[in-house]
Amino acid sequence: MTPATQTLDLHAPALGRDYRITLQPPASGAEPRAVLFVLDGNIYQPVMAQMTLLRSMGDEIVPVLVVGIGYPEDDPEAWMSRRTLDLTPCAPSQPLPHDSPNPADWGGLDRFLDFIDEQVQPRVREAYPLAAAHRVLFGHSLGGLAVTRALLRRPGSYEGWFAVSPSVWWENRMVLEDVAAWSEAARERPGMPPRVFIATGGLEETPPERLSPRLMEMGITPEQEAALTARARMIGNTHDLAAALAPTLQRLGGELKCRIYEGETHMSIVPACLTAAFDLHFRPPAEPASP
């Protein structure tokens with residue numbers, strides 16, 4: 001039987017906005033052994049909840065509490081508008097023609113991560129016994145950028161990071177500027193060895209043969225889309241991010257998996273990578289060796 005989903009509405013004073021937090025507990029009343037915090041929760045929380053339930057019922061992964069961090073609005077256009085504030089570290093220095101020209105619509109990422117740390121995580125701990133839980137943060141695209149910034153700037157907030165098609169390109173790859181300080185600070189930081197999963201679709205550096213209706217409605221031309229694809233350099237930047245993280249993660253005894261999924265696009269990559277990501281983050285503990 002699928003357990004009942006719980007919904008909490010929380011207000012973030014620093015952002016002046018309300019958020020809808022959706023909690024899907026494990027099946028059969030099992031105690032969560034891991035928590036998956038899902039950015040863009042309106043879109044991805046249902047997918048993550050069903051897949052973790054399916055695999056945990058087969059004992060392929062530990063019981064997972066899935067926490068979607070989303071918005072109370074019902075309109076997908078509102079979700080897309082709101083995420084530009086929550087998932088970007090600053091306003092773009094060179095906004096695209098279809099981007100908002102208002103600086104107030106951008107650059108709320110650090111306040112958003114504070115909200116998760118200071119309001120969402122405590123409410124989750126109140127609702128469920130999580131003493132032994134492994135906390136993982138998931139994000140896609142700009143959400144993947146947010147996951148990467150969280151790893152580098154607040155590594156004690158989670159034990160696992162799950163970044164899909166991370167927007168490393170944002171503002172001339174500014175997120176990579178934090179790698180050196182993160183690596184140095186890691187020498188003094190105890191704790192569980194981190195697990196990091198990064199994935200990108202093999203078609204993400206190939207412009208589409210035809211524009212989607214959505215892009216055409218936004219006034220983007222095929223030439224502009226090709227230029228944006230080249231600028232984003234999704235596969236190359238994913239490899240560069242993994243290479244930058246690898247030495248420190250190895251020194252910490254952590255785990256890093258970076259995968260490029262051939263034939264997958266910027267959108268299809270999310271379901272394609274779930275099996276490998278869950279195997280890394282939520283694998284059952286190893287059985288003790290027989291004497």
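Residues are numbered from 1 along each chain as its sequence is written, and side-chain values use heavy atoms, without hydrogens or water. Because the model is predicted, local features need pLDDT of at least 70 and side-chain atom pairs count only at pLDDT 80 or more, while totals for chains, interfaces and linings use all residues.

Rolling a probe the size of a water molecule over the atoms shows where empty space is left. A cavity is a set of points, on a 1 Å grid over the protein atoms alone, where a 1.4 Å probe fits but cannot get out; lining residues have an atom within 4 Å of a point. Grid points are joined across faces, edges and corners, and a volume is the space filled by probe spheres set on the points. The search of the whole structure gave one cavity of 30 Å³ or more. The largest cavity has a volume of about 50 Å³. Its lining includes Val147, Trp161, Phe197 and Leu241. At least two lining residues come from each of α4 (142–153), β6 (160–164), β7 (195–201) and α9 (234–252). Helices (H or I, at least four residues) and strands (E, at least two) are DSSP runs, numbered from the N terminus. Ten lining residues are nonpolar, one is polar and none is charged. Here Ala, Val, Leu, Ile, Met, Phe, Trp, Tyr, Cys and Pro count as nonpolar, Asp, Glu, Lys and Arg as charged, and the others, Gly among them, as polar.

Aromatic rings were examined next. Rings of Phe, Tyr and Trp (its six-membered ring) pair if their centres lie within 6.5 Å; planes under 30 degrees apart count as stacked, over 60 as edge-to-face and the rest as tilted. Tyr19 and Tyr71 form a tilted pair, with ring centres 5.7 Å apart and planes at 45°. Tyr19 lies in strand β2 (residues 17–24) and Tyr71 in the loop between β4 (64–70) and α2, so the pair ties together parts 52 residues apart in sequence. Tyr19 is buried at 0% relative accessible area, and Tyr71 is buried at 4%. Buried means under 20% relative accessible area, exposed over 50% and partly exposed in between (1.4 Å probe, protein chains only). Tyr19, Tyr71, Phe112 and Phe115 form one aromatic cluster.

Arg82 belongs to helix α2 (residues 76–86). Arg82 counts as buried, at 8% relative accessibility. Arg82 lies over the face of Tyr19, 4.8 Å from the ring centre. Such a charge has NZ of Lys or CZ of Arg within 6 Å of the ring centre and within 35 degrees of the ring normal. Beyond its neighbours within four places in sequence, Arg82 is in contact (heavy atoms within 4.5 Å) with Arg17, Asp18, Tyr19, Tyr71, Pro72 and Glu73.

Notes:
On a 1 Å grid over the protein atoms alone, a cavity is a set of points where a 1.4 Å probe fits but cannot get out, and a pocket is an open set with protein on both sides within 12 Å along at least five of seven lines; lining residues have an atom within 4 Å of a point.
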